Amino acid sequence: MLEFQSVGLSYGGVKALSGVNLLIQPGEQVCLIGPSGAGKSSLLGLMNGRLLASEGEVLLNGEKLAELSGKRLRERRAGIAWVPQDLGLVANLRVNQNVACGLAARKGLLGLLRSLLVMGRGEKKEIANLLRRVGIEEKIFSRVDHLSGGQQQRVAIARALYQEPQIILADEPVSAVDPERAKSLVHLLTSLAGEEGQTLVMSLHDVSLARRYFDRVIGMREGRIIMDGKPDEVGLEDLYRLDE
Amino acid sequence: MRRRWFFLAAFSLFLLGLWVLGARLGDLIPSESGRKAAAEFLGAALHPAMDFENPEMQDREHSFIEKLGRALWLTLRYALAAMSLALLMGMVGGVLGSRAWWSRSTVFLESLRVGVRLLATALRSVHEVMWALLFLSAIGTSPLAAVCALALPYGGTLAKVFSELLDEGESSAAEVIRVTGGSGFAAFLAGGFTRALPDLATYALYRLECAIRSSAVLGFVGIPTLGYEIKTAYEDGHYREIWTYLYVLLIGVVFFEWWGARVRSLLTRGVAARELGEEGSSLKALWRARGRSWFLRVSLLLLLLTVSGAWLVEDQWGAGVSWEQRMKNLDRFTGEIVPHPVREAGGDWGEFSGWLAAKMADGGAEALWRTFHLGTVAILLAGVVALVGVRFAARSLVSSHPRGVREGGVFWQKSWALALRAGAMLGRAMPEYILAFLLLRIFGPTVWALILALAIHNGGILLRLGAEVIDNTPSRASSVILAQGGTRTSAFLLTLLPFSFNRLVLFLFYRWESCIREATVLGMLGVASLGFLISDAKVAFYYDEMLLWVALGAFLVFLGDISSDLVRAKLRENGSVKRPS
């Protein structure tokens with residue numbers, strides 16, 4: 001469970017977020033929507049402790065994230081996957097090696113080194129199964145920079161799922177693809193997260209995708225939450241106004 | 001950058017440099033005897049020796065080809081052994097000197113990082129020939145001295161460049177690992193190091209090529225590599241033998257350049273996985289179809305074997321001198337590098353400043369000044385040659401469809417380009433020191449021989465880099481000029497050159513630093529500059545003076561290195577220019 005209590009965030013005197021109160025229950029699928037600079041990425045950054053709130057508290061399962069550090073912070077983070085806008089893949093590694101990086105926290109340094117250099121048969125099978133679910137099993141041993149943009153996005157999703165997280169955070173993961181591909185990727189991520197009962201928080205620009213695939217839509221503007229509810233409860237006109 | 005000021009400053013520096021160095025245009029015309037020697041020497045190029053030129057030598061047990069093979073093997077062996085050590089130093093120093101490695105930033109850790117970077121810069125500031133002189137003086141002639149002399153500056157260079165490559169745009173993959181709970185080490189390993197690995201390998205291969213050239217040059221200070229054979233053959237007047245050694249060196253360097261380029265390309269672009277047809281898509285079949293390169297595998301195996309061979313074949317790394325004797329030599333050397341007034345005053349370092357001032361007044365300051373100008377004049381000359389040559393060497397300008405616009409009439413364009421590229425390749429492949437040695441025999445004892453040697457080598461490098469920049473410049477304006485009836489030259493001058501100017505200047509500064517470094521040793525060939533003083537002090541066994549001049553040379557290179565880094569960083573900021581490889 002993620003909870004924001006009167007959270008504010010400033011970068012060098014500029015307020016990125018202010019007065020954010022939010023509760024996200026386990027298994028919820030939440031879409032953050034709003035124009036560029038609305039504070040969506042900052043909100044996501046606070047959820048995995050990449051950023052520290054200037055005001056208020058962010059709580060993960062009742063624990064204050066700001067008070068965690070070192071090993072305890074890493075342990076909590078191991079349960080939160082992150083798909084950044086630029087996907088964060090290592091271009092010159094193979095798909096299976098990139099996916100294996102999802103378990104970096106649990107494997108430790110030596111385990112990760114083994115996965116990168118001489119991955120065992122069991123792990124290869126496990127990753128192949130996961131890649132089958134995201135539809136690119138045949139690319140398991142291809143270098144990431146030999147894949148199309150859409151395939152790379154699926155690798156990033158597979159890496160997030162391989163982590164077996166309780167929460168998946170995705171920061172505009174489909175901003176650079178055409179509408180059809182964006183639809184299929186959002187569908188893929190929401191259905192896979194749904195199957196495992198994982199919490200999904202994704203920021204998007206596309207209102208129609210938000211309405212179609214998410215349980216809950218949070219609208220943001222100028223660092224504030226200005227609407228929060230089920231897609232059919234939130235006015236369509238309000239959403240489109242956000243998208244402008 | 002204000003181009004007008006840049007050109008004005010460069011031109012003024014060039015003229016000032018010529019004046020300081022006393023380089024008169026008339027010296028470029030060889031004397032009667034010089035012309036005769038040059039004609040004889042160049043004529044021998046067409047008839048390289050396949051046997052000893054001295055008939056008395058032909059009956060000896062070992063043939064000329066065996067001697068040649070041994071010199072080549074020693075050149076390669078010392079280069080490979082030194083590079084394996086340098087790589088180790090470079091990896092450790094590069095990782096410790098990079099910001100990406102240290103996930104936390106404290107005053108202590110930052111000092112440690114800066115300390116490692118400074119140590120790396122200091123190690124590379126001393127030229128390998130100078131390191132060789134120091135080692136030879138300290139422990140005597142031995143293969144180990146040659147390997148250490150190469151390994152230290154190359155290790156420093158690799159450490160400095162590796163740390164920059166590791167820091168260059170840390171990948172968001174590292175951040176993902178860190179943010180999802182991975183340790184700083186794991187993030188560095190998977191997200192930073194693996195991302196930079198092709199670049200690290202690329203640079204190490206380029207340095208291997210340089211190490212082969214440097215290993216050959218060490219022959220001029222007594223290490224039995226190709227340079228040694230070239231020097232002795234020249235002293236005996238055996239010009240045809242010299243050409244055989246030169247051709248073998250050129251073939252070796254050009255081969256390593258080709259091989260390195262192939263490996264670089266495979267590492268950077270990777271090999272595409274084979275499409276599976278009816279074999280199905282079982283994990284086993286997919287694994288068999290993965291992209292792999294036999295060329296890379298065989299290259300890695302051969303490299304491992306030759307590096308192991310380079311270390312294991314030698315059974316006398318210490319050249320048969322006992323450990324005790326070596327320690328005695330070292331003890332004597334460390335005693336004698338202390339300035340003699342300090343020694344005579346029973347270790348009172350108060351005497352040092354007076355001695356230093358006297359030495360600087362007695363030619364040291366002038367030699368330092370001349371060395372700076374030697375490197376600067378040479379790089380400016382190389383820059384002008386490359387700037388003019390780039391127009392005729394860039395593939396995108398000499399094709400029948402320059403910049404995508406049909407032109408035709410390419411025979412002369414392509415012939416010029418081919419000749420220029422071949423000339424640039426030969427210039428690059430030939431070490432400056434050997435070039436200077438040969439040019440001094442043609443022009444006589446004039447500083448022009450050193451200027452030209454530096455300019456030819458660096459001009460070759462700048463021409464290649466410049467042509468690549470022009471070919472990769474995506475300027476539509478050049479196509480417009482050509483489509484409207486403009487010439488290739490006008491497209492180059494009006495659009496491509498202004499567009500890529502900052503990048504070209506960046507390369508000039510990158511090579512300027514190398515030119516200064518090289519200029520510190522070229523004086524050893526007998527032309528007044530720091531190298532000349534070093535050589536003089538070595539012959540007289542004045543080790544304190546020798547060390548002083550070496551340190552001054554290192555200081556000059558250090559300054560050149562830092563100022564070049566600053567200018568390049570500024571240029572990168574302005575023009576988002578990447579490091580040349």
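Me: How many strands does the open sheet with the order β2-β1-β4-β5 in chain A have, and what is the sense of its pairing?
Reply: In this predicted model, the open sheet with the order β2-β1-β4-β5 of chain A consists of 4 strands, and its pairing is antiparallel. The edge positions are taken by β2 (14–24) and β5 (63–64) of chain A, each of which has a single partner strand, so one side of each is left without a neighbour in the sheet.

Me: Which residues could I use to follow the pairing from strand to strand in that sheet?
Reply: A general point first: in a regular strand the side chains alternate between the two faces of the sheet. In the present case, strand β1 (residues 2–11) of chain A pairs with β2(A) in the antiparallel sense over 7 bridges, and within this pair L9(A) has L17(A) of β2(A) as its bridge partner. The pairing of β4(A) with β5(A) is antiparallel over 2 bridges, and here the bridge partner of L59(A) is K64(A) in β5(A).

Me: Which residue takes a positive phi in the hairpin of β4(A) and β5(A)?
Reply: That residue is N61(A), whose phi is near 50°, in a hairpin that has 2 residues between its strands.

Me: What is the strand order of the open sheet of 6 strands in chain A, and which strands stand at its edges?
Reply: The order is β6-β7-β8-β3-β9-β10, and the pairing in this sheet is mixed. The edges are formed by β6 (80–83) and β10 (224–229) of chain A, and because each has a single partner strand, one side of each is left without a neighbour in the sheet. Neighbouring strands of this sheet are turned against each other by 15° on average, if direction is ignored. As an example of a parallel pair, strand β3 (residues 29–33) and strand β8 (residues 199–204) of chain A are joined by 5 bridges, with Q29(A) having L200(A) of β8(A) as its bridge partner. Helix α1 (residues 40–47) of chain A packs on the sheet, where α1 touches β3, β7 (167–171), β8 and β9 (216–221) of chain A, and the direction of this helix makes about 155° with that of β8(A).

Me: Where are the domains of chain A, and how far apart do their C-alpha centres lie?
Reply: The domain assignment gives domain 1 as 1–79 + 165–244 and domain 2 as 90–164, and the C-alpha centres of the two domains lie 25 Å apart. Between them, 14 residues of domain 1 are in contact with 13 residues of domain 2. On the domain 1 side, the elements that give two or more residues are α2 (70–77) and α7 (179–196) of chain A, with α7(A) giving the most, 5 residues. The residues of that side divide into 11 nonpolar, no polar and 3 charged.

Me: Which elements of chain B give two or more residues to the side that touches chain A?
Reply: In general, the size of an interface is often given as the accessible area lost when the parts come together. Here the description is by residue contacts, with 30 residues of chain B in contact with 35 residues of chain A. The elements in question are α7 (172–179), α8 (184–217) and α11 (283–288) of chain B, and α8(B) gives the most, with 9 residues. By class, that side of chain B has 16 nonpolar, 11 polar and 3 charged residues.

Me: At what angle do α8(B) and α10(B) pack?
Reply: Two packed helices are described by the angle between their axes and the distance between the axes. For α8(B) and helix α10 (residues 239–269) of chain B, the angle is about 175° and the axes are 9 Å apart, which means that α8(B) is roughly antiparallel to α10(B). Among the residues that make this contact are L205(B) and I212(B) of α8(B), together with F256(B) and V263(B) of α10(B). The contact has 12 nonpolar, 4 polar and 4 charged residues.

Key
Residues are numbered from 1 along each chain as its sequence is written. Chains are lettered from A and ligands numbered from 1 in the order in which they are written. This is a predicted model: local features need pLDDT of at least 70, side-chain atom pairs count only at pLDDT 80 or more; totals for chains, interfaces and linings use all residues. Two residues are in contact if their C-beta atoms, placed from the backbone, lie within 7 Å. Ala, Val, Leu, Ile, Met, Phe, Trp, Tyr, Cys and Pro count as nonpolar, Asp, Glu, Lys and Arg as charged, and the others, Gly among them, as polar. Two strands pair if DSSP finds at least two bridges between them. Axes are lines fitted to C-alpha atoms, for helices over the stretch in contact, and angles run from 0 to 180 degrees between N-to-C directions. Angles under 35 degrees count as roughly parallel, over 145 as roughly antiparallel, 65 to 115 as roughly perpendicular and the rest as oblique. Domain bounds come from an automatic or database domain assignment.
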